[in-house]
Amino acid sequence: MKRPTHLNLFTIHLPVVGWASIAHRLAGVMLFLITPFLIYGLETALYSPENFLQIKNSFSTFPGRAILIFTCWAFTHHFLAGLRHLFFDLDIGFSAPFYRWSAILVLAGGVFISLGVGIIL
Amino acid sequence: MSYQASGLRAFLWQRISAVVIAIGTLIILGWLASGNYPTGRELIAQPLGAALFGLFWGAVLAHSWVGMRDIILDYVARRGVRYALLAGLALWLLFLGLWVFIILARNL
């Protein structure tokens, strides 16, 4: 059987719900890849007060800030999208037009919260 | 279909661990934001704190297992590669678990 294999990402148009979903997965993979660095950071921060401050101050450098914002986006998006699923499990919001609004809210929430954290911290 | 094969078990694990991670992350972020080094260290030096810290990381690793396993099952069709990746994932997560355990043991 020959299946259609049109996988050009620039011509595929996902509905917003699809974007929220694939971003949920993508953010999950990002968090998986970040995990060892988080454990290392936590280990260092717990080692001594000097090391704690060193980790804290590293968030003020440019690469530190960039990593922080990306990690924050991955976590916030994954968190909000997961929360949306938990509501679906309780039969809340699983109908039109709520499932679409909540997807937009999840996408926007992830971006705004992570940018906000990047600016405030 | 068995309980395991239905995917209900993975579904439940994913949700229970998600709630544990959500609460644990808020506590850890609060510690980092407070900038209070001794509090965090004292928290996990107690048996209860250490148990909660272990529970948090256990939930993270279980959540990672279910999520990454699903991705491998979705995208990797070739059997040998699939099983090799699953085995590698399991070993990697066990290594991370051991690392967290060592951190805990050193702080106790």
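Reader: Why are H1(B) and H3(B) called oblique to each other?

Author: This is a predicted model, where local features need pLDDT of at least 70, side-chain atom pairs count only at pLDDT 80 or more, and totals for chains, interfaces and linings use all residues. Residues are numbered from 1 along each chain as written, chains are lettered from A and ligands numbered from 1 in the order written, and side-chain values use heavy atoms, without hydrogens and water. Now the angle. The axes of H1 (residues 8-34) and H3 (residues 47-75) of chain B cross at roughly 135 degrees and come within 8 Å. Angles under 35 degrees count as roughly parallel, over 145 as roughly antiparallel, 65 to 115 as roughly perpendicular, and the rest as oblique. H1(B) and H3(B) are therefore oblique.

Reader: What makes a line an axis, and a run of residues a helix?

Author: An axis is a line fitted to C-alpha atoms, for helices over the stretch in contact, and angles run from 0 to 180 degrees between N-to-C directions. A helix is a DSSP run of H or I with at least four residues, numbered from the N terminus; a strand is a run of E with at least two.

Reader: Which residues of H1(B) meet H3(B)?

Author: Among them are Ala10(B), Gln14(B) and Ile28(B). On the H3(B) side, they include Leu55(B), His63(B) and Arg69(B). Contact means heavy atoms within 4.5 Å. By class, this contact has eleven nonpolar, six polar and one charged residues. Ala, Val, Leu, Ile, Met, Phe, Trp, Tyr, Cys and Pro count as nonpolar, Asp, Glu, Lys and Arg as charged, and the others, Gly among them, as polar.

Reader: How do you know that the length of H1(A) agrees with its residue count?

Author: H1(A) covers residues 16-47, which is 32 residues. The expected span is 1.5 Å times one less than the number of residues.

Reader: Where does H1(A) bend?

Author: H1(A) bends by about 40 degrees at Ile34(A). The bend is the angle between axes fitted to the seven residues ending there and the seven starting there. Pro36(A) follows within four residues.

Reader: Why are H1(A) and H2(B) called roughly perpendicular?

Author: H1(A) and H2(B) (residues 37-45) pack at about 105 degrees, with axes 9 Å apart. They are therefore roughly perpendicular to each other. Ala45(A), Leu46(A) and Tyr47(A) make the contact with Tyr37(B), Gly40(B), Arg41(B) and Ile44(B).
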